Amino acid sequence: MKLIFLGPPGAGKGTLAGLVGKQHKIPQISTGDIFREAVKKQTELGLKVKSIMERGYLVPDELTINLVKERLSREDARKGFILDGFPRTIPQADALNSFQVINAVINFQINDDIVIRRLSGRRTCRSCGAIYHIENRPPKTEGICDNCGGELYVRDDDRVDSIKKRIEVYKNQTEPLIQYYREKYLLKNVDASVSVEHSIEEMNRILWT
Ligand code: AP5
């Protein structure tokens, strides 16, 4: 199954892609994670995207498209994948069409108030990228990752000004993709304001039954 997870920042795309990917043995490909790793390692790519990401803007299309094209050409993505956070603009979606056939696009529906609460309480593992929330999905020990014992931190773009910018950028540049994929009969709406377990149940019913 070749899937796109679409939705505003904080909708739960990363959390759900991680769990569903494991369940169905397909890789989760998160452009945000790839960029964050590059920033952490201070690679050439990381130095280019650091301040763009911190301010909540999108990385240029050409750079992002080339990166995804290369990632999808690897063996583990041959039979299926979950694209988490890509495409995010119409040019990215057009480019993806030219090199991949997608089976479905999951559109996670959620309102801004919940998104802001989720992002302000998010904690991410510095080592393995696991995602927590101080109230909704807390780790067993405060500040420590359950999976690998790594340190939990607040993402640079989870500051209030950056969250507001990301929501604005989503509405202007990414939301048009809902209509784009609806016209291609690929769009499946899933309620993202409910528990993780409920969203997964709904997705499994839509996609795998
Ligand atoms: P990216 O990392 O993709 O960020 P995003 O789309 O803004 O999404 P988030 O990671 O913030 O949220 P999410 O939906 O994954 O939610 P999560 O599961 O973490 O991108 C970051 C930046 O990289 C961009 O701003 C841009 O600069 C750049 N970039 C990336 N892709 C790009 C592209 N294609 N083109 C150009 N630039 C690109 O959950 C959030 C919180 O809620 C967590 O604390 C979680 O524990 C909690 N939670 C999740 N689900 C639930 C639930 N059901 N109930 C209660 N709490 C929940």
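Axes are lines fitted to C-alpha atoms, for helices over the stretch in contact, and angles run from 0 to 180 degrees between N-to-C directions. Helices (H or I, at least four residues) and strands (E, at least two) are DSSP runs, numbered from the N terminus. The model is predicted: local features need pLDDT of at least 70, side-chain atom pairs count only at pLDDT 80 or more, and totals for chains, interfaces and linings use all residues. Residues are numbered from 1 along each chain as its sequence is written, and side-chain values use heavy atoms, with hydrogens and water left out.

Helix α2 (residues 31-41) packs against helix α4 (residues 61-72) at an angle of about 100 degrees, and their axes are 11 Å apart. α2 is therefore roughly perpendicular to α4; angles under 35 degrees count as roughly parallel, over 145 as roughly antiparallel, 65 to 115 as roughly perpendicular and the rest as oblique. T31, I34 and F35 of α2 meet T64, L67 and V68 of α4, where contact means heavy atoms within 4.5 Å. By class, this contact of α2 with α4 has four nonpolar, two polar and no charged residues. Ala, Val, Leu, Ile, Met, Phe, Trp, Tyr, Cys and Pro count as nonpolar, Asp, Glu, Lys and Arg as charged, and the others, Gly among them, as polar.

An open sheet is formed by five strands in the order β2-β3-β1-β4-β8, with parallel pairing. Two strands pair if DSSP finds at least two bridges between them. β2 (28-30) and β8 (187-191) stand at the edges with a single partner strand each, so one side of each has no neighbour in the sheet. Strands β1 (residues 2-6) and β3 (residues 81-84) pair in the parallel sense over four bridges. The bridge partner of F5 in β3 is D84. Helix α1 (residues 13-24) packs on the sheet and touches β1, β2, β3 and β4 (104-109); its direction makes about 170 degrees with that of β3. Helix α9 (residues 196-208) lies across β1, β4 and β8, at about 155 degrees to β8.

The structure holds two aromatic pairs. Rings of Phe, Tyr and Trp (its six-membered ring) pair if their centres lie within 6.5 Å; planes under 30 degrees apart count as stacked, over 60 as edge-to-face and the rest as tilted. F5 and F108 form an edge-to-face pair, 5.0 Å centre to centre, with 80 degrees between the planes. F5 lies in strand β1 and F108 in strand β4, so the pair ties together parts 103 residues apart in sequence.
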